[in-house]
Amino acid sequence: MKMTRKKKIIFLITGIALLSFIVWNLVWFVFVSTIYTPFTKEVTKDKYGSHHIVDSDGYNYNVAMPIYLFFSGNLAVVAPEAKSTLIIWPKVFGGYEYGVRIQDASGGYEIMIDADGNPIRLPQQSNKEFDTLVSIIENNKKDVQEILKKAHNVWELN
């Protein structure tokens, strides 16, 4: 039985789609295995199956693995009483992005920071918004530095 031109094209497109899906799965698996698995050595699975521990000082550590076929997961450290939370996003090609959530009497603030705990200005922020975030970080500098130190003590963040 001879394949018609239309059947050959359909077969080729199906083959390319299947091959692309297999390659995407392999890339995802290698990424998760090489980037996220080392973080789970220190933060093991709890009885519910998530990577979560609490240290003797009451700090909560969490590794959120990327969901199937996505590349974004995160590491988190939550201070006792949830006053401040550090979230770390490993980048695909190395390095990290950091964000901190600070809860105080005036509300909650989500601020992108650098590895040293300094606020990063986002393009959409006005001068006034950024100045507010700088003062929030300055008022909570000790907490931000402590939570960053805790993260570096648990994970090798380069």
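## Close-up views of a predicted model

View A. The structure is a predicted model, in which local features need pLDDT of at least 70 and side-chain atom pairs count only at pLDDT 80 or more, whereas totals for chains, interfaces and linings use all residues. Residues are numbered from 1 along each chain as its sequence is written, and side-chain values use heavy atoms, with hydrogens and water left out. Exposed means over 50% relative accessible area, buried under 20%, and partly exposed in between (1.4 Å probe, protein chains only). Helices (H or I, at least four residues) and strands (E, at least two) are DSSP runs, numbered from the N terminus. The buried residues of helix 2 are Phe130, Leu133, Ile136 and Ile137. They lie on the same side of helix 2, because they cover an arc of only 115 degrees around the axis; the arc is that of the directions from the helix axis to the C-beta atoms. Strand 5, strand 6 and helix 3 are among the elements that cover these buried residues.

**View B. Helix 2 (residues 127-139) lies across strand 5 and strand 6.** Helix 2 runs at about 95 degrees to strand 6, where axes are lines fitted to C-alpha atoms, for helices over the stretch in contact, and angles run from 0 to 180 degrees between N-to-C directions. In the loop between strand 6 and helix 2 lies Gln125, which is buried at a relative accessible area of 14%. Apart from residues up to four places away in sequence, Gln125 touches Ile120, Phe130 and Leu133; contact means heavy atoms within 4.5 Å.

**View C. The buried residues of helix 3 are Val144, Ile147, Leu148, Lys150, Ala151 and Val154.** Their arc of only 155 degrees around the axis puts them on the same side of helix 3. They pack against strand 2 (60-64), strand 3 (74-78), strand 4, strand 5, strand 6 and helix 2. On the face turned away from this buried side, helix 3 carries the exposed residues Lys142 and Asn153.

**View D. Six strands form an open sheet with antiparallel pairing, in the order 1-2-3-4-5-6.** The edge strands, strand 1 (51-54) and strand 6 (107-113), each pair on one side only. Two strands pair if DSSP finds at least two bridges between them. Strand 2 and strand 3 are joined antiparallel by five bridges, with Ala64 opposite Asn74 in strand 3. Strand 3 and strand 4 share four bridges, and Val78 has Thr85 of strand 4 as its bridge partner. The hairpin of these two strands has five residues between them, and there Glu81 takes a positive phi near 65 degrees. Strand 4 (residues 84-90) pairs with strand 5 (residues 96-104) over seven bridges; Leu86 stands opposite Val100 in strand 5.

**View E. The largest nonpolar core has 32 residues.** Such a core is a set of buried Ala, Val, Leu, Ile, Met, Phe, Trp, Tyr and Cys residues joined through side-chain atoms within 4.5 Å. Leu86, Ile113, Trp155 and Leu157 have the most contacts inside this core. Helix 3 gives the most to it, with five residues. Leaving aside neighbours within four places in sequence, Leu157 is in contact with Phe39, Leu75, Ile88, Tyr96, Tyr98, Ala151 and His152.
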